[in-house]
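Reader: I'd like to learn how to read helix packing and ring pairs off a model. Can we go through it together?

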Amino acid sequence: MRTEVGKAVVGQEAAVTGLVVALLARGHALLEGVPGVAKTLLVRSLSASLSLDTKRVQFTPDLMPGDVTGSLVYDAKQGEFEFREGPVFTNIMLADEINRTPPKTQSSLLEAMEERQVSADGVTRKLPEPFMVAATMNPIEYEGTYTLPEAQLDRFLMKLVLDVPERDTEVQVLRRHADGFNPRDLAAAGVTAVVTADEIAAAQDAAAAVRVSDDVLAYLVDLARATRHSPSVRIGVSPRGTTALLAATKAWAWLTGYSSITPDHVQAMLVPVWRHRLQLRPEAELEGVSVDTILHSVMQQVQVPI
């Protein structure tokens, strides 16, 4: 998968790893970055490397909840209403610029992301497996955006931040475009599907079976409690956050060839899994304190089990 994505995207290895971990942990990923850093291209390239159904939704201010989940449509021939499935009925849903649509439409994804189902007209319809929402967003200080509600953010397993590439990487990007690379034609770039749905299901089961000791579980809880007691934090990590970190850590341990997770695996996954789950105090935000800084400080303060 890394090789196939690398045919279209230069750099952003950490984001690629995060997306793979989210898929194996049966979670969802939120990609944040300024426009033009290949957020959408990254998700499209990952989808192209999988033998799965993928649909893209461009979130706009006038998008309605039914445009995402589906709606009842009157069939004149049958003389009755029928449910027409929305783009959420897929394996990988690319929610492009999710913070450009109002909270009402954003919240339409809550049930789908958490319960893997959609309820409409009193009927519950299951979503296909595997199912993952890969959403992109621009920083909230850009015009025409809506801050994601905390409940919506908490449904994402991890938040991946894509930065502007380094000089050498950007030169490679320009070289590819100079040689005729077309980001709208991934097939011409040679990106092909290399993983099937059955292989993903087997990998998900294998990742879930990774063992974890009681000491490491206690370490996870101690880290979460440390965020709740930080003087700069108004709301710390919830129990859902600890279970999310456990799932991501299991997937990362399996990817790196371990049969049980270690504190190193926990520390590697902690920042992307928890950076969107903390709410800072206003005075901390005014002082320019970042969530990532607090999380790194927490890791230094909490004793690591040996």
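**Helix packing and ring pairs**

Author: Helix 2 and helix 3 are oblique to each other (the class left over once angles under 35 degrees are roughly parallel, over 145 roughly antiparallel and 65 to 115 roughly perpendicular). Keep in mind that this is a predicted model, where local features need pLDDT of at least 70, side-chain atom pairs count only at pLDDT 80 or more, and totals for chains, interfaces and linings use all residues. Residues are numbered from 1 along each chain as its sequence is written, and side-chain values use heavy atoms, leaving out hydrogens and water.

Reader: At what angle do helix 2 and helix 3 pack, and how far apart are their axes?

Author: Helix 2 (residues 13-24) and helix 3 (residues 39-48) pack at about 50 degrees, with axes 11 Å apart. Contact (heavy atoms within 4.5 Å) involves A15, V16, L19 and V20 of helix 2, plus L42, V43 and L46 of helix 3. Those contact residues split into 7 nonpolar, no polar and no charged.

Reader: And how do I read aromatic pairs?

Author: You describe a pair of aromatic rings by the distance of the centres and the angle of the planes. Rings of Phe, Tyr and Trp (its six-membered ring) pair if their centres lie within 6.5 Å; planes under 30 degrees apart are stacked, over 60 edge-to-face, the rest tilted. The whole structure has 2 such pairs. Y74 and F81 have ring centres 5.2 Å apart and planes at 65 degrees, so they are edge-to-face. For F83 and F89 the values are 6.1 Å and 70 degrees, so that pair is edge-to-face.

Reader: Are F83 and F89 buried or exposed?

Author: F83 and F89 are buried (under 20% relative accessible area; exposed is over 50%, partly exposed in between, with a 1.4 Å probe and protein chains only). F81 is exposed at 57%, while Y74 is partly exposed at 48%.

Methods:
Axes are lines fitted to C-alpha atoms, for helices over the stretch in contact, and angles run from 0 to 180 degrees between N-to-C directions. Helices (H or I, at least four residues) and strands (E, at least two) are DSSP runs, numbered from the N terminus. Ala, Val, Leu, Ile, Met, Phe, Trp, Tyr, Cys and Pro count as nonpolar, Asp, Glu, Lys and Arg as charged, and the others, Gly among them, as polar.
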